[in-house]
Amino acid sequence: MSETPHLSGPFRVGDRVQLTGPKGRLHTITLREDGELHTHNGVLKHSLLVGEPDGSVVTNSSGHEYLALRPLLRDFVMSMPRGAAIVYPKDAAQILSAADIFPGATVVEAGVGSGALSLWLLRAIGPAGRLVSFERREEFADVARANVETFLGGTPATWDVVVGDLVESLPSAVEPGSVDRVVLDMLAPWECIDVAADALTPGGVVLCYVATATQLSRVAEYIRATGLFTDPDASETMVRGWHVEGLAVRPDHRMIAHTGFLLTARRLAPGAVPPEVKRRASKSSYGDEDVELWTPGAVGDREITDKNLRKRVREAQKAADGVRQRQDLPAPSADSSDATP
C-alpha cells in the first residue's frame, strides 16, 4: 500500500469518483482508460475526467452536466458493494467516540461484514495502531478486503483479517490483556464477552452494536453478571436533516432514525469489585422462554443468498482491480487539467 492514499489532486485512472447528475442523481464509478458511464441522459466518457481537478463539472454526450468529486468515506461506504449490512456513518462516528478509538490503539472487531466500520477504525488508529477483524464467512471477508483496498489504494499493514469464530480464534491472535478496545457487531455479542474480557487491558472498552431491544437487554445483563466490567451504558443515535433554502427552513420529511443500539463498558482491574449501585426493584430475572426470544432466528437474522453474495464479491473485486491498475500508471502532471481530453 502507498504511504499516502491518493485523496486529492487531478483525477487519474483507477480513482473512485462520485458524479452528481441531473436532478441530483448520484453515480459512483471507477475511472478506466476506455470507460464510459451510460445513462438514459446520455454517455459520459471517463477520459473527460482524467487530469481534471476534484470538484470539476463535465458534460456528457447529451449536454447534461455532472459534478465530479472524490467520495468522502461516508459516501463510499453507502455506495460500496455489500456482503452484509453496513454500520451507517452516524453510528460509526458514535462508535469512534463512545469506544474512544485513538491513534496507536490495538482494536479487535467482530464481525467485519462489508468493511465499512473497518475503514473508520483504520483511519482512527493511524499508522501506529493495529486492527484485528474477525469474520466467520470467507465471502464477507473477501468483500471487506476488496472494499478497503479500493478506498485506501491497498491493504494497510495495520490490518489483520481472521476468518473464524472470535471465541475460538481471539486467544491465539492477541496476547491476554493487550487489547485497548473490542467492538462487537453481531447477533449474540454476549457469547464473546468472556473472551473479550481476557483480551482487554484494565480500563479497556468493550462496545456492542445490536439492532433490537431484546439483544440490548441480554448483553447488558450478561456484562453485569460477569463482574468484570463497569456498569454498561446504552444509547442510540438518530439524525434528522434540515431543508434550508431562503426562508424555507424546516426539517426534512425523512430522517435516519433507529439503526442500532450502542452499549459500552470498561474492563475492571483483576480482582476489583465496583461500588454497589443502588437501584429500584425491577424485573431483571429471566427464564428459558425469555432467552428463546433472543435467538438469532427470533431477532431477525437475515441470510444473503449464495448467488447474491457471489455478485457482491465480483463487484468489490472489480473496484479493487481498478486501484491495482492505477498503481502501474504515472500520476498526471499538476497542469494536466488544462490539456484537452
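Tutor: A residue is buried under 20% relative accessible area, exposed over 50%, and partly exposed in between (1.4 Å probe, protein chains only). This model is predicted: local features need pLDDT of at least 70, side-chain atom pairs count only at pLDDT 80 or more, and totals for chains, interfaces and linings use all residues. Residues are numbered from 1 along each chain as its sequence is written, and side-chain values use heavy atoms, without hydrogens and water.

Student: Which residues of α7 are buried?

Tutor: Helices (H or I, at least four residues) and strands (E, at least two) are DSSP runs, numbered from the N terminus. Helix α7 covers residues 213-226. Its buried residues are Gln 215, Leu 216, Arg 218, Val 219, Ala 220 and Ile 223.

Student: How far apart are the end C-alpha atoms of α7?

Tutor: The expected span is 1.5 Å times one less than the number of residues. Helix α7 has 14 residues, so it should span 20 Å. The end C-alpha atoms agree with that, at 20 Å.

Student: Is Lys 23 buried or exposed?

Tutor: Lys 23 sits in the loop between β1 (16-20) and β2 (26-30). Its phi is positive, near 60°, though Lys 23 is not a glycine. With 91% relative accessibility, Lys 23 counts as exposed.

Student: What is omega for the cis peptide bond that joins Ala 110 and Gly 111?

Tutor: Most peptide bonds are trans. Gly 111 lies in the loop between β7 (106-110) and α3 (116-125). The cis bond from Ala 110 to Gly 111 has an omega of about -10°.
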